[in-house]
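Q: Can we go through this one together? I would like to start with a helix and then look at backbone angles.

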Amino acid sequence: MAEGKDSKYIQLISSDGHTFYVKRATCMISGTLKAMLQGPFSENTDNKIHLKSMSSQVLARVIDYFTYKTKYSSVTHEIPDFPIDTELAMSILTAANFLDC
């Protein structure tokens, strides 16, 4: 696996210690993650981002949204709704605000 800026995957680590391997390009949907991965931060070279305020359940849905947004960003037909569980809505909204997505 390539390291540093050439790595194809980034590790997103939730508050409960679950590690998600996500394509670098998919992470760029988030303004916050993009800044971390392109700036002078350790995340840019070690390809690990610890999201200490996000549970694995919330982070999994956020990553689903990144994939959804990547898939439908340039389509010309009607885009399906992105479903969000009511009980997770506030946590996902907070995460989306932090991640700038």
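A: First a term: buried means under 20% relative accessible area, exposed over 50%, and partly exposed in between, with a 1.4 Å probe and protein chains only. This is a predicted model, where local features need pLDDT of at least 70, side-chain atom pairs count only at pLDDT 80 or more, and totals for chains, interfaces and linings use all residues. Residues are numbered from 1 along each chain as its sequence is written, and side-chain values use heavy atoms, without hydrogens and water.

Q: Which residues of helix α2 are buried?

A: In α2, residues 31-38, they are Thr32, Leu33, Met36 and Leu37. Seen down the axis, these buried residues fall within an arc of 125°, so they line one face of α2. The arc is taken from the directions from the helix axis to the C-beta atoms. Helices (H or I, at least four residues) and strands (E, at least two) are DSSP runs, numbered from the N terminus.

Q: And what covers the buried residues of α2?

A: The cover includes the strands β1 (9-13) and β3 (48-50). It also includes the helices α1 (24-27), α3 (43-46), α4 (56-72) and α5 (89-99). Contact here means heavy atoms within 4.5 Å.

Q: Backbone next. Where does Asn47 lie, and is it buried or exposed?

A: Asn47 sits in the loop between α3 and β3, and is buried at 7% relative accessible area. Its phi is near 60°, positive although the residue is not glycine.

Q: What about phi of Asp100?

A: Near 55°, again a positive value in a residue other than glycine. Asp100 is in the segment after α5 and counts as exposed, at 52% relative accessibility.
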